[in-house]
Amino acid sequence: LGALKISGDTLTDKKYVCFGAGTAGVGIANLVMSEMVAQGLSEEEARSRFYLVDKQGLLFDDMTDLTIEQKPFARKRSELTNLHAVIKAVQPGILVGTSTAPGTFTKEVVQEMASHVERPIIFPLSNPTKLAEASAQDLLTWTDGKALIATGVPYSPIELNGVTYDIGQANNALIYPGVGLGVLAVNATRLSDAMISAAAHSLQGIVDTTKPGAATLPPVEKLTQFSRTVAKAVAECAIKEG
């Protein structure tokens, strides 16, 4: 959502490649798919935009070792296998890594993606640093600063071609304290997907996206400041949902 606010693009127009289809990767894909449905797509339309790639390549529906969570996202055997081939054929706007396979977002893969998309959204989320699919520095260099990045590890600002790029850390700590506070503040009896979505949306207004090199997410150091914003959004959503 933060990346889309910077690029001005629409989530429902994007194709999504998940590299690393374990519980984290599939869990994130499900939440993003729910967001696409909330923004007007049918579940079938939304699901068709997702391509999950794991250690055996693209997940196909005739594989016998798929988990219950993976099966709904599996593709037909006629589709492609390795990550570069998938990127070339699918031309996704979003690439998320939860593979713990270091260096797999190669220059070839990243530049292939950037050749089809003006502002590619690339999130190498595996951590620690030695397991990351790519470094933020490389992603910026290979795309001339056009990649919209969030990482699983913290980064200091990066200088490139006279612009200072702040790198957002996609850490669940960004919303968890605010979610907890919002739930407690209104005595909510359960936590819904809509409340999680409200929490994620509330982060969008915190970063100045007009600034060159703006981060996709607010910095973790300012957590105590924006947790109130998250809590208010969660509480309002809980009240609205009854």
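User: Which element gives the most residues to the lining of the largest pocket?

Analyst: In this predicted model, the elements that each supply at least two residues of that lining are α1 (2-7), α2 (23-38), β4 (94-97), β5 (121-124) and α8 (193-202). The one that gives the most contributes 8 residues, and it is α2.

User: What is the volume of the largest pocket, and which residues are the closest to its centre?

Analyst: The volume of the largest pocket is about 1400 Å³. Its lining has 44 residues. The closest to the centre are Ile28, Leu31, Val32, Ala170 and Ala200.

User: Which elements give two or more residues to the lining of the second largest pocket?

Analyst: The second largest pocket has a volume of about 440 Å³. It is lined by 21 residues, and Asp166, Ala215, Leu217, Pro218 and Pro219 lie nearest its centre. The elements that give two or more residues to this lining are β9 (168-169) and α9 (223-241).

User: How many charged residues are in the lining of the second largest pocket?

Analyst: This lining has 13 nonpolar and 3 polar residues. The charged residues in it number 5.

User: Which parts of the chain does the salt bridge between lysine 211 and aspartate 166 tie together?

Analyst: The side chains of lysine 211 and aspartate 166 meet in a salt bridge, with N to O at 3.0 Å. The two residues are 45 apart in sequence, so the pair ties together the loop between α8 and α9, which holds lysine 211, and the loop between β8 (163-165) and β9, which holds aspartate 166.

User: Are lysine 211 and aspartate 166 buried or exposed, or in between?

Analyst: Buried means under 20% relative accessible area and exposed means over 50%. Lysine 211 has 37% and aspartate 166 has 30%. Both values fall between the two cut-offs, so lysine 211 and aspartate 166 are partly exposed.

User: Where do glutamate 43 and arginine 47 lie?

Analyst: Glutamate 43 forms a salt bridge with arginine 47, and their closest N and O atoms are 2.7 Å apart. The two residues are 4 apart, about one turn of the helix. Both lie in helix α3 (residues 43-47).

User: How many salt bridges does the structure hold?

Analyst: Side chains of opposite charge can pair when their charged atoms come close. A salt bridge is counted when a side-chain nitrogen of Lys or Arg is within 4 Å of a carboxyl oxygen of Asp or Glu. The number in this structure is 5.

User: What is omega for the cis peptide bond that joins asparagine 127 and proline 128?

Analyst: Most peptide bonds are trans. This one is cis, and proline 128 lies in the loop between β5 and α6 (136-142). Its omega is about 5 degrees.

User: In which loops are glutamine 91 and aspartate 144?

Analyst: Most residues other than glycine have a negative phi. Glutamine 91 has a positive phi near 55 degrees, and aspartate 144 has a positive phi of about 55 degrees. Glutamine 91 is partly exposed at 42% relative accessibility, while aspartate 144 is exposed at 57%. Glutamine 91 is in the loop between α4 (83-90) and β4, and aspartate 144 is in the loop between α6 and β6 (148-151).

User: What is the radius of gyration of the protein chain?

Analyst: The chain has 9 helices and 9 strands. For 242 residues the globule rule gives 18 Å, and the chain's value is close to that, so the chain is as compact as a globular protein of that length. The radius of gyration is 18 Å.

Terms used. Residues numbered from 1 in each chain as written. Predicted model: local features only at pLDDT ≥ 70, side-chain atom pairs only at ≥ 80, totals over all residues. Heavy atoms only, no water. 1 Å grid on protein atoms, 1.4 Å probe; cavity = no way out; pocket = protein on both sides within 12 Å on 5 of 7 lines; lining within 4 Å. Points joined across faces, edges and corners; volume = space filled by probe spheres on them. Nonpolar A, V, L, I, M, F, W, Y, C, P; charged D, E, K, R; others polar. Buried < 20%, exposed > 50% of the residue type's maximum accessible area, 1.4 Å probe, protein only. Rg over C-alpha atoms; globule rule 2.2 N^0.38 Å.
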